[in-house]
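Subject: Structure handover

Hello,

Here is the structure I said I would pass on. Please look through it before reading the notes below.

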Amino acid sequence: EKGLQLVDKYDGNKLEAVEDVVLYDGTNIIGKAPAAGGQFVDNDGQPIEGLTLTAGEEDGLKTLTIEYKKVDGAFYKQYVEGGKQLHALFKMKTLAFKGENGYGGTYANQAFQRDFGNESVAKPTENSIPNINPRKDAVASVGDVSSLDIKNNPQSSVEVGTTVVYRVQGS
């Protein structure tokens, strides 16, 4: 296939693309496109001919695909023939998801570069969202945190008129 592609694959249940996707040359932002997909524009708001972003799905994962098919255009001559390395910045928001130990856990995403039909795979990134697992317990006092909850301490009892301190721990 003629053209260049950079594909970012991610789990749409754990991540959501937000804001514009930005192309950066290491010093300057050279273009951007809406995360929902569309034409890349330069810093003056002018379309970069042949350079698009498509939001889609592949292999059950969400994708953001930057594609350039105009091999005789000014962008191609400046950045591809000129040997300049470009960076794509995909801004993602983490979503609450149920993991093995409550809400949170790990997620991974992968990027691919396809140059004229040849595919290269980037090292996957893996990130972790701390598990949210709050706990509540009844204790005798600030100084005595032994549990009065019969689920944690079957031998405990609380008499009528007793003041109980509730200890709540977040994660």
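This is a predicted model: local features need pLDDT of at least 70, side-chain atom pairs count only at pLDDT 80 or more; totals for chains, interfaces and linings use all residues.

Core
The largest nonpolar core has 20 residues, and those touching the most other members are Leu 23, Phe 40, Leu 51, Leu 53, Ile 66 and Phe 75. Two or more residues each come from strands S1 (4-10), S3 (20-24), S4 (29-34), S6 (47-58) and S7 (61-68), and from helix H1 (74-80).

A buried glutamine
Gln 110 is part of strand S11 (residues 102-115). Its relative accessible area is 19%, so it counts as buried, the limit being under 20%.

Salt bridges
There are eight salt bridges in the structure. In one of them, the side chains of Glu 16 and Lys 93 meet at 3.6 Å, N to O. Glu 16 is in strand S2 and Lys 93 in strand S9 (residues 92-94), so this pair ties together parts 77 residues apart in sequence. Both are partly exposed, Glu 16 at 34% relative accessibility and Lys 93 at 43%.

Glu 19 pairs with Lys 91, their closest N and O atoms being 3.4 Å apart. Since Glu 19 sits in the loop between S2 and S3, and Lys 91 in the loop between strand S8 (87-89) and S9, the bridge ties together parts 72 residues apart in sequence. Lys 91 is partly exposed, at 45%.

Arg 114 and Glu 119 form another salt bridge, with the closest N and O atoms 2.5 Å apart. Arg 114 counts as buried at 18% relative accessibility, whereas Glu 119 is partly exposed at 44%. These two belong to a network of salt bridges that also links Lys 9, Glu 58 and Asp 59.

Backbone angles
Most residues other than glycine have a negative phi. Glu 19 has a positive phi of about 60°, and this residue is exposed, with a relative accessible area of 53%. Asp 59 also has a positive phi, near 55°. Asp 59 lies in the loop between S6 and S7 and is exposed at 67% relative accessibility.

Regards

Conventions: Residues are numbered from 1 along each chain as its sequence is written. Side-chain values use heavy atoms; hydrogens and water are left out. A nonpolar core is a set of buried Ala, Val, Leu, Ile, Met, Phe, Trp, Tyr and Cys residues joined through side-chain atoms within 4.5 Å. Buried means under 20% relative accessible area, exposed over 50%, partly exposed in between (1.4 Å probe, protein chains only). Helices (H or I, at least four residues) and strands (E, at least two) are DSSP runs, numbered from the N terminus. A salt bridge is a side-chain nitrogen of Lys or Arg within 4 Å of a carboxyl oxygen of Asp or Glu.
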